[in-house]
Amino acid sequence: MKFSTLASSVLLLAFSADAFTPTSLVRTSTALNVAAEPPSTSAASGEWSPESWKSKVASQMPVYDDEAELDDAVNRLKRCSPLVFAGEVRALHEQLARACHGQGFLLMGGDCAEAFNEFNVDHVRDSFRVILQMALVLTFGSAMPVIKVGRMAGQFAKPRSEPDEVRGDVSLPSYRGDIINSEEFTAEARRNNPHNMVEAYHQSAQTLNILRAFATGGYADISRLQAWNLDFVEQTEEGSRYRKFATKVDESLRFMKAIGVDTSSDTFAKTDFFTAHECLLLPYEQALTRKDSTTGKWYDCSAHMLWVGERTRELDGAHLEFTRGIGNPLGVKISDKCTPEELLNICDTMNPNNTPGKLTIIVRMGAEKLRKNLPGLIRAVQREGKSVIWISDPVHGNTRKTDNGFKTRDFDNIRAELRAFFDVHEEMGSHPGGVHLEMTGEDVTECTGGVSDVTEETLADRYNTYCDPRLNGSQALEIAFLIAERMRKRSGLPPIE
Ligand code: PEP
Ligand code: CO
């Protein structure tokens with residue numbers, strides 16, 4: 001074995017051990033500490049409670065036409081068991097705290113919107129395995145633990161730029177995601193139905209059940225890393241690149257085994273996997289907010305992590321009011337419209353104790369605006385000593401409509417925004433802490449370019465998204481290799497190949 005190969009193998013061993021730490025997802029003993037019944041609360045002025053958001057303006061919130069029906073749905077949810085548990089949420093927070101100090105990389109990915117009709121085990125599995133592949137590549141590249149978070153098991157509600165959609169002379173309320181109404185263009189389908197929240201809860205419970213099984217039941221065992229290659233990706237350039245890479249990791253594992261490391265232990269056989277979604281539909285989030293009896297803290301048990309979107313992050317709005325009181329790690333999306341002063345106020349509201357790992361800033365601006373705006377934002381945060389994790393969402397600032405009517409994203413623009421994000425952090429001496437992507441493991445044709453052969457002409461072939469265009473499995477893997485190479489260069493390590 002050449003020294004460079006040996007060195008990178010040993011390096012990889014150290015990182016893979018961290019990245020594949022056994023999960024607390026199923027074995028948490030604190031699970032029972034979360035109260036099954038949320039106590040009823042009332043909003044006291046100035047004080048936080050799970051419903052104090054109701055005293056604020058809530059943008060992007062659906063209007064329900066039947067109050068009794070809404071109450072019925074919310075009461076059903078309040079009787080449902082938490083989807084995630086406080087102990088798991090704290091485990092994620094600890095990992096994020098390390099990332100906040102430059103010792104970790106956050107990988108967030110999944111559908112733009114989950115959908116009732118699209119749900120099946122294979123879909124969840126395919127997203128899960130492409131995230132595993134990406135995490136492996138990124139662990140190698142970043143030389144640090146990669147925290148895996150799926151935009152899954154609750155990513156249903158969507159903000160819309162227009163409240164109504166007009167087709168010909170018919171105008172109907174916009175589709176806001178399956179948790180609110182349905183996509184079909186009829187008055188009945190577009191009615192906001194509170195019982196969709198209950199259906200979304202049950203689908204999320206199933207998704208989580210599958211994810212927990214995959215994370216801890218043998219699927220994620222690092223010795224199976226060759227099997228993670230998705231069938232269609234296998235045929236692509238990125239697929240064969242992954243295959244070569246996986247062979248290298250296999251060699252390292254054999255080397256470890258030979259020197260006496262137990263590669264069948266939980267460290268190698270199981271992984272941590274967390275969930276996150278946009279905290280948009282507040283009646284749903286409130287109904288799943290429970291008090292942890294160990295710490296007395298409130299947790300939104302609909303997901304491990306919640307983020308507030310670019311369109312709902314008003315300082316005095318309902319979404320910041322709700323999130324400021326929950327114990328979960330939080331994210332906030334920011335475009336070029338966010339000023340340094342506004343960002344500092346957001347930090348004070350969402351992370352008043354300046355706790356490391358509590359707040360992730362998800363930057364989505366497009367490359368050009370990012371180069372112009374991000375330095376000032378980082379400077380303000382550094383000057384005021386705010387603890388944040390900076391991550392890049394290189395997709396939401398790069399959506400465009402094609403002449404033939406498809407919403408798409410070009411791989412070149414996504415790559416340019418990522419490059420800008422890394423360049424700016426390098427200049428500012430800050431940590432590029434992660435990436436947030438709309439992606440799927442499936443062979444969809446929704447974003448153009450990359451080494452994939454998706455073009456404007458072939459978008460129609462498998463354009464399956466319910467909302468924004470997603471990177472397919474091969475394009476997502478290509479992004480992982482790009483980031484990995486960039487991180488290796490940054491750390492003075494040789495290229496992967
Ligand atoms: C999203 O993440 O799907 C989304 C709507 O993002 P943003 O808030 O950045 O527009
Ligand atoms: Co989106």
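**Note on cysteines and the ligand 1 site**

1. A search of the whole structure finds zero disulfides (a disulfide being a pair of cysteine sulfur atoms within 2.5 Å). This is a predicted model: local features need pLDDT of at least 70, side-chain atom pairs count only at pLDDT 80 or more, and totals for chains, interfaces and linings use all residues. Residues are numbered from 1 along each chain as its sequence is written, ligands are numbered from 1 in the order in which they are written, and side-chain values use heavy atoms, without hydrogens and water.

2. Cys-279 is buried, at a relative accessible area of 0% (buried means under 20%, with a 1.4 Å probe and protein chains only).

3. Cys-112 is also part of the ligand story. Cys-112 is among the residues that surround ligand 1, and is buried, with a relative accessible area of 0%. Others around ligand 1 include Arg-151, Lys-158, Glu-278 and Lys-333. By class, this shell has two nonpolar, two polar and eight charged residues.

4. Polar side-chain atoms approach oxygen atoms of ligand 1. The distance is 2.6 Å for Arg-364, 3.0 Å for His-396 and 2.9 Å for Glu-438. The protein covers 99% of the 300 Å² of accessible area that ligand 1 has on its own (Shrake-Rupley method, 1.4 Å probe).

Note on methods
Near = heavy atom within 4 Å. Polar contact = N/O pair within 3.5 Å; in protein donor to acceptor, adjacent residues only side chain to side chain. Nonpolar A, V, L, I, M, F, W, Y, C, P; charged D, E, K, R; others polar. Buried < 20%, exposed > 50% of the residue type's maximum accessible area, 1.4 Å probe, protein only.
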